Amino acid sequence: MRKKELELLSPAGNLEIFKGVINAGADAVYFGGELFGARAYAKNFTMDEAKEAILYAHLFGKKAYLTVNTLIKNREMEKQLYSYLKEYYEAGIDAIIVQDLGVFQFARTYFPELPIHASTQMTIANANGAKWIQNLGATRVVTSREISIPEIQGIYQNTGMEIETFVHGALCVSYSGQCLMSSMLGGRSGNRGRCAQPCRLPYDLLDAKKKQMQTRGKYLLSPKDLCGIEHIKEMADAGVYSFKIEGRMKQYAYATGVVSMYRKYMDAYLEDKDLKVTPEDKKRLLDMGNRCGFTDLYFHKQNGPEMITFDKPSHEKEDSSPQVFEKKIPLIANFTAKEREPIQLEISDRQERCSICVKGDIAEKASNRPTDETMVREKINKTGGTPFVFEEINCQMQSDLFLPIKNLTELRRQALEAYCEQVKKEHQYPKAKEYKKVEFLERTEKEKSPGKVMVSCRDLRQFQLACDWDRANEIALSFEAVINSSDEFKRVLQYGKDKEKSIYIALPIICRQNVIDLLDKNRHIFDMQQVDGVIASSLDELGYLEKINYPKERIQLDHRIYTFSNEAIWCLETAGYHRFCVPLELNRKELLHRENTSSQMLVYGRVPLMITANCQKKNALGCDRKSEVLFLQDRYKEIFPVKNVCSFCYNEIYNSKIYNVISEMSEIRKMGFFEYRLDFTLESLEEMKKIIKEFDGYTDQKGMDANDKQSIYTKGHYKRGVE
């Protein structure tokens, strides 16, 4: 059984808060630097501030973690990442929190001793994904916020790795790492740390006929804040090691107040005391800040309206008065002074972790008034703004010596600096490996080639029509459609084979235990004798497919397994994968600076802006387990289709405009992709035929009539990109 040990992990938006939460009882603090953090609009830490923070944590025996949890482009990887990580590495950062597999690979290559925590942005929701990233070298996994305590327990029991779970603070309505709403609507990418929080805006819910439905309020995508203080024992017993508080944008009073409250009840757990949270303490937490109260729904339920604010999305607080937490490191000082010998100060701590001895000027006999012990103790004890306090000062000195005050002050300063340097040395890593930049020659022109074509379909009618298209080489059908019409699937599968098409099964976007159970039950569907391969959308699915020994050469990675950089591609190639899909947030210039030969590019499709565990239909009407399409309407009257995928119990919220870059095919064909992909979801057969005709027109260099260019389409980030 694991030793009873927990970590209380706090955020910090600045150096003052960092020190404050350490003093309030945090075991570790996570913060962002000047680059690559998921809170790009926060003040964040300068390098000097970060070094001071890291040292401060280490002096108290605590830890500091750096967020490097955004997706990073090739040029950033080549020009900035090494020097940025190297400074933190040399400063003794205890771990980095990472989303991007390219960053993961990069850190493993050049800083192999540096621990890596897999960010919640990796959307790891079961033991298969956790095991996959553990095998890659992660020392800790930050679980998806949506998964339950029993699901967390399953991860721990099957991997034994350190588990970090959010216990308090704001919730994203979308599975983290799976939200493109802010990016596609306003160009501010959540994957790049610039989320504009469109989820906190008002929306109307429309039925299938686009008539407004009755709801409890207009803030349909705004979750309440999480509060798990009453679940500490249950979470710890399930295997959670690190209890994470959200809030790097929060103020000092909130951060320190929440930390002190969780410290109280985590200590009660560790000391086997009564864990019942008092009404007074619950109110104190509410007063520090909440959104229409708190929720703990995800710990035991998949979804429900009780977790949504509906009326007010804003963060409310009644108590903003900061509580001062002062913490000092107690030291013992032994001062020695003998005539014609250097004065000497030895300092140490009670834990005997560190012992320092420094020497000063030669002590001389007093010609007039000798220095007494009281004066020596007073000067040594002036630790001022440092985190130290001398709880014991021993003096061994002759009574007839004169000791200049500046000498005593300098001796104390040198001793404390030497103590700090010793602590720094204790956290030094081996020397980083030398950076060897891999030059990638930007593609400027390439021979035009028709390329292969994959068509992804949501239902069997679309699938059959795709099989009739002579240009299509590979046809993918959603796993949802297969399991809901298995007999009919056998017929259309044979139809596809007769048409000499390669057939793929598109696995669900989110892969929790309920999906694993369905995959196990229907494993014969994607058996190698039945179909040619699968499309995997998550690390959880890669882990599952590895577990069942599914051939990696038959796995097509979806664009949701992000390959922003060549490093990310090489990371996955090293792991045995060789078919990728271009992320939707790179622009054409960035695509020219990317290795595309093993990638397909999506050129048409409805893009899910969010994947949510919360269900709009259930919140408005209750759950009848019948999938249908409803609509969200924003304040500008833009309408976003919402499909409740009951087979896997999540919602897909699509963009109001359909992604379509077919008109850019003459340029795209120069970029070296091995395949182009068209995704069909809610389209009728007539709409599907129109798109096929458009694709044929542009790839055959005939062009299309300008009248066919409708306002329902968007080119997404193909031209504009994200910051």
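**Close-up 1. Leucine 331 and its bridge partner in strand β18.** In this predicted model, leucine 331 has phenylalanine 390 of β18 as its bridge partner. Strand β14, which spans residues 329-337, pairs with β18 in the parallel sense, and nine bridges join the two. Both strands belong to an open sheet of four strands with mixed pairing, in which the order is β16-β15-β14-β18. At the edges stand β16 (355-362) and β18 (388-397), each of which has a single partner strand, so one side of each is left without a neighbour in the sheet. From one strand to the next, the twist averages 20 degrees.

**Close-up 2. Helix α11 against the sheet.** Helix α11, made up of residues 373-380, lies across β14, β15 (342-349) and β18, and its direction is at about 150 degrees to that of β18.

**Close-up 3. Aromatic pairs, with tryptophan 132 and tyrosine 577 as one example.** The count of aromatic pairs comes to 23. One of them joins tryptophan 132 and tyrosine 577, whose ring centres are 6.5 Å apart and whose planes meet at 50 degrees, so the pair is tilted. This pair links distant parts of the chain, since tryptophan 132 belongs to helix α5 (residues 127-136) while tyrosine 577 sits in the loop between α18 (566-574) and β25 (580-581), 445 residues apart. Tryptophan 132 counts as buried because its relative accessibility, 4%, is under 20%, and tyrosine 577 is likewise buried, with a relative accessible area of 0%.

**Close-up 4. The tilted pair of tyrosine 604 and phenylalanine 680.** The rings of tyrosine 604 and phenylalanine 680 form a tilted aromatic pair, with 5.4 Å from centre to centre and 40 degrees between the planes. Tyrosine 604 lies in strand β26 (residues 599-605) and phenylalanine 680 in the loop between β32 (675-679) and α22 (685-699), so the pair ties together parts that are 76 residues apart in sequence. Both tyrosine 604 and phenylalanine 680 are buried.

**Close-up 5. An aromatic cluster and two lysines over rings.** Tyr82, Tyr89, Phe106, Tyr110, Phe111, Tyr429 and Tyr435 together form one aromatic cluster. Lysine 210 lies over the face of phenylalanine 631, at 5.0 Å from the ring centre, and lysine 250 lies over the face of tyrosine 254, at 5.3 Å from the ring centre.

**Close-up 6. Histidine 117 and the residues it touches.** Histidine 117 lies in strand β5, residues 116-118, and is buried, with a relative accessible area of 3%. Leaving aside residues up to four places away in sequence, histidine 117 touches Tyr65, Ala95, Ile96, Ile97, Val98, Thr139, Arg140 and Glu164.

Note on methods:
Residues are numbered from 1 along each chain as its sequence is written. This is a predicted model: local features need pLDDT of at least 70, side-chain atom pairs count only at pLDDT 80 or more; totals for chains, interfaces and linings use all residues. Side-chain values use heavy atoms; hydrogens and water are left out. Rings of Phe, Tyr and Trp (its six-membered ring) pair if their centres lie within 6.5 Å; planes under 30 degrees apart count as stacked, over 60 as edge-to-face and the rest as tilted. Buried means under 20% relative accessible area, exposed over 50%, partly exposed in between (1.4 Å probe, protein chains only). A charge sits over a ring if NZ of Lys or CZ of Arg is within 6 Å of the ring centre and within 35 degrees of the ring normal. Contact means heavy atoms within 4.5 Å. Two strands pair if DSSP finds at least two bridges between them. Axes are lines fitted to C-alpha atoms, for helices over the stretch in contact, and angles run from 0 to 180 degrees between N-to-C directions.
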